[in-house]
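Biologist: Hey, I've just opened this one and I'm new to it. Can you walk me through what's inside?

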Amino acid sequence: MKQEHVMLMLCTILIAFPLVQSVSEGPKAVETWFKEELTLKKQKVTNLHFYFHDALSGPGQTAYPIFQSNITSTSITGFGLTFMFDQPMTVERDPQSLRIGKGQGFSGSASLEQPGFLMNMNFVFTQGKLNGSTLQVFGTNPIRNQFREMSVVGGTGVFRLARGIATFRNESSSTIEYNIVVLHY
């Protein structure tokens, strides 16, 4: 039964990802893409669903504090405490399930009154048709809310000129479920 479940999840991912062609990189290739190919391309909508695994301590630690302000220790919100992270993205809640990439970026406590973080993340895809592509997500993470929303502000590879919305919620203290709807060419 477990093997059937994994196969069903993999098929779902393959169906959910659009059929795309790889894109050429480099300054000349990007310039050509804008001048010649972009006018012929139709905007696409892609829905993504995956899990992000956050470990603030222990042997598999994925997020590290990098600095704090002079009021962090006395602030009720930990204002100024900033983390840099490099965390696995998987197809299932289980951190040992198929890795499709990693989330890299930083988050910092940015509110003096309520717990919340300013976040800048890059979702780096390392599997399948999205291999080598990225999405950039930026926004506020009000951590007390069950569901949160941040803006997709860009992308590379198959996600060139991306824009959209990333919604997410904590499944547990270390697992975050992401749903992303993104427009791209």
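Biologist: Phe-50 and Phe-125: buried or exposed?

Modeller: Both Phe-50 and Phe-125 are buried. Buried means under 20% relative accessible area, exposed is over 50%, and partly exposed is in between, using a 1.4 Å probe and protein chains only. Before we go on: this is a predicted model, where local features need pLDDT of at least 70, side-chain atom pairs count only at pLDDT 80 or more, and totals for chains, interfaces and linings use all residues. Residues are numbered from 1 along each chain as its sequence is written, and side-chain values use heavy atoms, with hydrogens and water left out.

Biologist: Got it. How many aromatic pairs are there?

Modeller: The count comes to 9 aromatic pairs. The rule is that rings of Phe, Tyr and Trp (its six-membered ring) pair if their centres lie within 6.5 Å; planes under 30 degrees apart are stacked, over 60 edge-to-face, and the rest tilted. One of the pairs is Phe-50 with Phe-125, an edge-to-face pair at 6.3 Å centre to centre with 85° between the planes. That pair links distant parts of the chain, with Phe-50 in strand β1 (residues 44-53) and Phe-125 in strand β5 (residues 117-125), 75 residues apart.

Biologist: How do Phe-125 and Phe-159 pair up?

Modeller: Phe-125 and Phe-159 form a tilted pair, 5.9 Å centre to centre and 50° between the planes. Phe-125 is in β5 and Phe-159 is in the loop between β7 (148-156) and β8 (163-170), so this pair ties together parts that are 34 residues apart in sequence.

Biologist: And why does Phe-125 count as buried?

Modeller: Because its relative accessibility is 2%. Phe-159 is buried too, with a relative accessible area of 0%.

Biologist: Which residues form the aromatic cluster?

Modeller: Phe-50, Phe-52, Phe-85, Phe-123, Phe-125, Phe-159, Phe-168 and Tyr-178 form one cluster.

Biologist: Which residues touch the most other members of the largest nonpolar core?

Modeller: That core has 27 residues, and Phe-50, Met-121, Phe-123, Phe-125, Leu-135, Phe-159 and Ile-180 touch the most other members. A nonpolar core here is a set of buried Ala, Val, Leu, Ile, Met, Phe, Trp, Tyr and Cys residues joined through side-chain atoms within 4.5 Å. The elements giving two or more residues to it are β1, β3, β5, β6, β7, β8 and β9 (175-184).

Biologist: What is Phe-123 in contact with?

Modeller: Leaving aside neighbours within four places in sequence, Phe-123's contacts include Phe-50, Phe-52, Met-89, Leu-135, Tyr-178 and Ile-180. Contact means heavy atoms within 4.5 Å.

Biologist: Switching topic: how many helices and strands does the chain have?

Modeller: The chain has 2 helices and 9 strands. From the N terminus on, the order is α-α-β-β-β-β-β-β-β-β-β. Helices (H or I, at least four residues) and strands (E, at least two) are DSSP runs, numbered from the N terminus.

Biologist: How do β4 and β5 pair?

Modeller: Strand β4 (residues 99-109) pairs with β5 in the antiparallel sense, over 9 bridges. Two strands count as paired if DSSP finds at least two bridges between them. Our friend Phe-125 turns up again here, as the bridge partner of Gly-101. β5 also pairs with β6 in the antiparallel sense, over 8 bridges, and Leu-118 stands opposite Thr-140 in β6.

Biologist: What about β6 and β7, what joins them?

Modeller: A hairpin does, through 6 residues. Strand β6 (residues 134-141) and β7 run antiparallel and are joined by 5 bridges, with Thr-134 opposite Thr-156 in β7. Then β7 and β8, also antiparallel, are joined by 5 bridges. In the β7 and β8 hairpin, which has 6 residues between the strands, Gly-157 takes a positive phi near 65°.

Biologist: One more spot: where is Thr-82 found?

Modeller: Thr-82 is in strand β3 (residues 82-90). At 7% relative accessibility, Thr-82 counts as buried. A polar atom of the Thr-82 side chain lies 3.0 Å from the backbone oxygen of Gly-80.

Biologist: And Ile-66, which residues is that in contact with?

Modeller: Apart from neighbours within four places in sequence, Ile-66 is in contact with Thr-82, Phe-83 and Met-84. Ile-66 is found in strand β2 (residues 63-67) and is partly exposed, with a relative accessible area of 42%.

Conventions: A polar contact is a pair of N or O atoms within 3.5 Å; within protein, one must be able to donate a hydrogen and the other to accept it, and residues adjacent in sequence count only if both atoms are side-chain atoms.
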